[in-house]
Number of protein chains: 2
Amino acid sequence: MSDYAKGLEGIIAAETEMSFIDGQKGVLEYVGIPIGELGKNSTFEETVFLLWNQRLPKASELEAFTKDLRSRYEIPGALAERIKALPTTAQPMHVLRTLISELALYDNDPNANDPDSARDKSLNVLAKAPALVAYFDRHRRGLDFVKPDASLGFAENFLNMLNGEKPTETMARAFDICMILHTDHGLNNSTFTARVIISTLSDVYSALTGAVGSLRGPLHGGANEGVMHMLNEIPDLDAVEPFIMGKIERKDKIMGFGHRVYKAKDPRAFALQGLAKQLATDTGNQDLFNKSMKIEEVMTRELGAKGIYPNVDFYSATTYHCIGLKLDLFTPMFAMSRLGGWSGHVIEQLSNNRLFRPTAKYVGPHDAPYVAIGDR
Amino acid sequence: MSDYAKGLEGIIAAETEMSFIDGQKGVLEYVGIPIGELGKNSTFEETVFLLWNQRLPKASELEAFTKDLRSRYEIPGALAERIKALPTTAQPMHVLRTLISELALYDNDPNANDPDSARDKSLNVLAKAPALVAYFDRHRRGLDFVKPDASLGFAENFLNMLNGEKPTETMARAFDICMILHTDHGLNNSTFTARVIISTLSDVYSALTGAVGSLRGPLHGGANEGVMHMLNEIPDLDAVEPFIMGKIERKDKIMGFGHRVYKAKDPRAFALQGLAKQLATDTGNQDLFNKSMKIEEVMTRELGAKGIYPNVDFYSATTYHCIGLKLDLFTPMFAMSRLGGWSGHVIEQLSNNRLFRPTAKYVGPHDAPYVAIGDR
């Protein structure tokens with residue numbers, strides 16, 4: 001019996017062929033390809049194929065994969081009707097978790113876990129998640145739904161359904177790169193959740209639903225909302241230095257900095273930083289970008305020696321803001337992207353499964369009597 | 001860095017004051033009290049109080065806890081209406097997972113995780129789960145809903161809502177004991193799932209939704225359905241011996257036997273066995289009970305030396321059958337009970353939290369180039 005590994009830090013809980021992280025050096029690779037290369041050259045669809053097949057697709061394979069994905073964009077009509085009756089005050093992450101779970105009710109064989117079925121169901125959820133998010137957002141804004149357009153790629157189709165107009169080329173590309181960067185990241189909590197759930201030989205819907213619930217936590221995907229809150233709290237560029245120094249003095253947590261895994265700058269933050277700058281310029285958000293740069297400068301000067309650097313959330317927040325996304329859609333964007341990774345891990349876990357069943361250390365009494373209620 | 005602990009077997013992942021298991025000796029205690037004592041003397045409501053507070057309640061505390069639980073039995077009217085429009089072909093575990101998730105949409109502060117809020121939301125889900133299950137089952141049978149009755153205890157109220165008539169005293173007590181026996185069981189997969197999810201400081205609804213998804217797997221809560229399938233496959237008492245011997249010879253898995261934790265007879269199976277016999281007699285199901293006894297006899301003779309004994313699923317299956325529950329409601333019953341344990345673990349995890357973030361061993365390539373699509 002081992003010692004108590006609180007938070008399972010340092011425990012190897014799975015083998016994977018999908019992503020590799022060297023936190024000391026600030027390296028992230030998908031199937032050996034550095035994340036920066038994929039951000040520069042790939043698309044979200046190709047990246048998902050890479051993660052699910054451990055190789056880049058040939059042109060004909062990518063075409064078939066993309067066609068299959070696009071043919072599944074639309075959600076069942078009955079489910080679309082149900083979205084129109086949801087409480088408009090509901091939070092999008094709770095809605096997304098509920099609706100991904102509900103997709104299982106419209107699948108006539110939701111429990112099939114053979115390799116082909118697991119891929120089929122994964123593709124189904126991945127293809128439909130954008131409509132689930134966009135339809136609910138339009139419902140709460142009192143707008144009609146914009147149907148998916150199978151002539152558009154994943155990123156462009158989502159932004160079209162959300163906003164009712166096609167995004168600019170820069171926005172679509174920026175959004176696509178965000179999707180690539182967030183797709184997989186080792187055994188993060190939500191990915192681990194998906195593997196733990198599927199290890200009971202449960203089903204793809206159960207695993208992905210659980211993962212969405214994990215991601216919404218502020219110690220995980222919920223962190224990018226916190227970055228935007230902080231940026232909004234700082235009135236202008238001159239206010240950055242006193243604001244951050246005050247936080248450091250009071251030992252407050254500073255959102256978007258530090259990561260249990262990285263002791264160098266998060267390589268995804270590098271990839272996003274350039275994008276964020278271009279978008280900020282395109283969309284008239286230079287002030288926001290300048291504040292971000294100044295925060296990073298102060299933080300690096302003060303805490304860089306302790307290995308506290310910007311993480312991916314720090315730049316994804318400004319990117320999503322510039323694309324025009326509302327704050328409470330930031331984490332759902334992370335979920336839409338990470339579905340690619342979660343599904344890949346579910347497929348991988350099923351291919352060589354062992355039930356996750358750790359042990360608890362019991363620290364209570366033993367051999368206690370059942371005392372009758374009058375005698376307590 | 002540790003070795004790869006596949007399935008996390010032997011790894012201590014949490015401390016708990018709730019339940020203690022000695023698998024070699026076949027012991028299960030809740031806060032030190034042997035499970036058999038609780039099955040004999042306690043109620044489900046009292047057992048949940050015990051697990052959430054690490055002590056038995058005084059009479060006035062139990063009264064207040066029960067009153068609070070009963071006052072929350074009814075689900076929001078809008079949600080009840082939505083249940084009436086669900087596909088009648090949907091499987092109850094997928095429905096329960098979806099509806100527990102959906103409860104968050106009717107909570108105006110679903111993310112509150114302070115100790116009082118976590119207990120409040122846990123009580124809310126526990127109180128409402130029976131209506132979620134009963135309403136959907138009546139919907140698919142084309143029957144009107146039977147509203148909860150706050151004058152009834154948890155077990156009796158559920159059976160009344162499901163069947164439209166009050167259960168006999170024996171049935172209500174039998175069902176209540178099943179609820180007690182299934183409430184907590186160390187770091188089983190679904191409980192671990194709930195703790196992993198809440199460790200991101202997500203929310204009670206996310207954690208419990210994920211746990212339901214885990215439980216439905218055939219390697220976990222789904223196993224009790226398999227027992228009933230097996231019993232239905234065996235035509236009569238004489239057929240038991242050749243059926244079981246054939247399975248052993250072919251090395252088929254025999255449902256309801258063996259457990260990763262227990263190498264002796266599952267103490268919950270002991271507690272259920274007497275109950276199953278009484279119920280079988282009361283409900284004219286002696287044949288079924290006799291077949292069960294014969295299966296246990298053959299299995300113990302052939303495989304007892306290897307530590308393969310009946311587990312809790314073996315007798316819960318016949319018990320639920322005698323109560324008149326349809327096969328696909330067996331696992332939802334397990335979930336209704338285990339919600340008490342899951343919630344207790346969520347409360348415990350929040351009181352001393354550390355994010356679960358294990359490591360994956362990467363076994364793929366490194367430094368791979370991004371090859372242009374025409375060159376693959």
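**Close-up 1. Helices α8(B) and α13(B) are roughly antiparallel to each other, because their packing angle of about 160° is over 145 degrees.** The model shown is predicted. Helix α8 covers residues 169-182 of chain B, and helix α13 covers residues 267-282 of chain B. Their axes lie 11 Å apart. The crossing of this pair is left-handed. From α8(B), the contact includes B:T170, B:M171, B:A174 and B:I177. B:C178, B:L181 and B:H182 of α8(B) also take part. Facing them in α13(B) are B:R268, B:A271, B:L272, B:L275, B:Q278, B:L279 and B:D282. Nine of the contact residues are nonpolar, three are polar and two are charged.

**Close-up 2. Helix α13(B) also packs against helix α15(B).** Helix α15 spans residues 312-323 of chain B. The angle is about 25°, and the axes are 8 Å apart. α13(B) is therefore roughly parallel to α15(B). This crossing is left-handed. Among the α13(B) residues in the contact are B:A269, B:Q273, B:A276 and B:A280. On the α15(B) side, the contact residues include B:V312, B:Y315, B:T319 and B:I323. The contact divides into 10 nonpolar residues, four polar and one charged.

**Close-up 3. Three strands of chain B form an open sheet.** The order is β2-β3-β4, with antiparallel pairing. β2 (19-22) and β4 (33-34) of chain B stand at the edges. Each has a single partner strand, so one side of each is left without a neighbour in the sheet. Strand β3 of chain B (residues 27-30) pairs with β4(B) over two bridges. B:E29 stands opposite B:P34 in β4(B).

Technical notes: Residues are numbered from 1 along each chain as its sequence is written. Chains are lettered from A and ligands numbered from 1 in the order in which they are written. This is a predicted model: local features need pLDDT of at least 70, side-chain atom pairs count only at pLDDT 80 or more; totals for chains, interfaces and linings use all residues. Side-chain values use heavy atoms; hydrogens and water are left out. Axes are lines fitted to C-alpha atoms, for helices over the stretch in contact, and angles run from 0 to 180 degrees between N-to-C directions. Helices (H or I, at least four residues) and strands (E, at least two) are DSSP runs, numbered from the N terminus. Angles under 35 degrees count as roughly parallel, over 145 as roughly antiparallel, 65 to 115 as roughly perpendicular and the rest as oblique. A crossing is left-handed if the near helix is turned anticlockwise from the far one by less than a right angle, and right-handed if clockwise. Contact means heavy atoms within 4.5 Å. Ala, Val, Leu, Ile, Met, Phe, Trp, Tyr, Cys and Pro count as nonpolar, Asp, Glu, Lys and Arg as charged, and the others, Gly among them, as polar. Two strands pair if DSSP finds at least two bridges between them.
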